[in-house]
Amino acid sequence: MLRSDFPILTQQVHGRQLVYFDNAATSQKPQCVIDAIGEAYSTWNANIHRGTHHLSQVATAKHEQARTILAQMIGAKDSREVLFTRGTTEGLNMLAFTFGQEFINQGDEIIVSAMEHHSNIVPWQMLCERKRAVLRVIPLRDDLTLDLQAYERMLSPRTKLVSVAHVSNVLGIINPVEEVIRLAHAHGVPVCIDGAQSAPHLPVDMQALDCDFFVCSAHKMYGPTGIGLLYGKLQWLEQLPPYQGGGEMIEHVHWSGTTYNVLPYRFEAGTPDYVGSYAWGVAAQYMQRCGLPSIADHEQDLTTYAEQQLSLIDGVRVYAAGLPKAGVLSLNVYDARGKLVHPFDIGTLLDQQGVAVRIGHHCAEPLIDALQVPGTVRVSFGMYNCRSEVDVFIAALQRALSMLR
Ligand code: PLP
């Protein structure tokens with residue numbers, strides 16, 4: 001990987017060299033991905049699957065090749081197990097709707113954790129309301145890790161699905177999802193892993209994890225916006241009813257009734273984002289060329305280094321300090337009297353120095369409530385970040401604090 005592959009990173013913001021530490025929200029794109037989108041529209045754009053003409057066949061092949069690349073990247077056994085979605089959020093809504101339709105009844109229970117993103121909470125709340133089911137929440141221990149003993153006690157014949165984040169988008173903690181899955185499977189319960197924050201930072205392997213469903217978003221993985229995937233084991237996908245109706249998801253439509261297409265098309269109604277899938281495939285190959293284990297090691301090093309440097313500043317609290325993290329960490333700052341410095345003020349003063357971080361509840365309000373703060377300052381790394389940028393961030397934070405104090 002060359003930092004110069006990412007043209008956006010060369011710019012200045014407020015007269016300072018940009019330091020982009022908001023990768024958990026979205027990552028920047030290498031030139032090959034930007035070029036892939038231009039190439040698609042300037043050389044082979046045509047609607048896919050139904051065309052007999054040349055361009056349509058080229059476009060169809062590119063879209064299906066991308067599915068194969070992504071299936072291989074996540075270790076799916078069969079590319080039919082990869083359904084294209086608009087992103088993690090749509091994948092989770094799709095699962096909540098279809099799984100809920102088929103398998104959830106009054107009094108059934110679904111388990112999530114106390115550190116979920118809203119998109120792994122609200123679709124389940126909506127389902128529970130619809131079906132009069134119950135949403136249960138794995139609590140956190142004092143060190144902010146999942147309380148697995150409490151989780152084990154929650155599993156019962158009423159449990160129908162478990163859905164947890166692989167990596168917390170606030171804390172960066174890597175959850176022990178292997179254990180979560182093993183315990184659920186011991187009770188015959190399927191598990192969905194929200195991989196929005198793991199797939200960009202860690203090698204993920206569906207066979208090793210043995211999860212039943214997995215969701216992630218291309219835009220956090222150096223790919224384009226508006227596309228993601230829902231992985232599901234074939235034996236589960238085959239049992240789920242369709243999500244949206246329309247073109248592509250049907251076999252035949254008559255006034256007397258409709259029959260549905262085979263997997264994966266049954267879940268892909270309408271014209272898919274075939275330019276997005278192609279560009280995502282290019283991004284995935286770029287990540288593979290850089291080496292997923294090297295990306296993980298590099299980001300782990302940046303996280304550890306940032307934590308060390310932050311520990312030297314008075315009044316800084318890093319959440320889940322000392323725990324292994326996947327490229328994300330959250331902090332807050334307290335003044336000499338122990339009063340919280342509002343994260344918004346820190347975010348604004350960092351931005352004025354060219355450092356982009358995210359502040360707020362990060363779409364995980366229940367976790368932020370549990371931390372009893374109005375929000376956090378979140379620093380998140382991508383493969384192109386480096387230690388010298390951490391130094392710039394630390395100096396900028398110190399300057400911000402001296403102004404605020
Ligand atoms: N889940 C987690 C853990 C996330 O971090 C995010 C995005 O930040 C999402 C789900 C939602 O992803 P998207 O907005 O790409 O659908």
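**Entry: ground rules.** I am working with a predicted model, where local features need pLDDT of at least 70, side-chain atom pairs count only at pLDDT 80 or more, and totals for chains, interfaces and linings use all residues. Residues are numbered from 1 along each chain as its sequence is written, and side-chain values use heavy atoms, with hydrogens and water left out.

Entry: I sorted them by class (nonpolar: Ala, Val, Leu, Ile, Met, Phe, Trp, Tyr, Cys and Pro; charged: Asp, Glu, Lys and Arg; polar: the others, Gly among them).

Next I checked polar contacts, here pairs of N or O atoms within 3.5 Å. A ligand oxygen is 2.7 Å from a side-chain N or O atom of His219. For the side chain of His117, the distance from a ligand oxygen to an N or O atom is 3.5 Å. Thr88 takes part through its backbone, with a polar atom 3.4 Å from an oxygen of the ligand. Taken alone, the ligand exposes 400 Å² (Shrake-Rupley method, 1.4 Å probe), and the protein buries 86% of that.

**Entry: the pocket.** A pocket is an open set of points on a 1 Å grid over the protein atoms alone, with protein on both sides within 12 Å along at least five of seven lines; lining residues have an atom within 4 Å of a point. The ligand takes up the space of the largest pocket (more than half of its atoms lie within 2 Å of the grid points). I noted a volume of about 370 Å³ for this pocket. Of its 25 lining residues, Ala24, Ala25, Thr89, His117 and Lys220 lie nearest the centre. Helix α3 (residues 88-103) gives the largest share of the lining, 3 residues. By class, the lining has 7 nonpolar, 12 polar and 6 charged residues.

**Entry: the cavity.** In a cavity, a 1.4 Å probe fits but cannot get out. I found 1 cavity of 30 Å³ or more, and the largest cavity has a volume of about 40 Å³. Its lining is Met73, Ile74, Ala199, Leu202, Pro203, Val204, Met221 and Leu292: 8 nonpolar, no polar and no charged residues.

**Entry: backbone details.** Most residues other than glycine have a negative phi, and most peptide bonds are trans. Leu144 has a positive phi, near 75°, and is in the loop between β6 (134-138) and α5 (148-154). Leu263 and Pro264 are joined by a cis peptide bond, with omega about 0°.

Terms used:
Polar contact = N/O pair within 3.5 Å; in protein donor to acceptor, adjacent residues only side chain to side chain. Points joined across faces, edges and corners; volume = space filled by probe spheres on them. Helix = DSSP H or I, 4+ residues; strand = E, 2+ residues; numbered from the N terminus.
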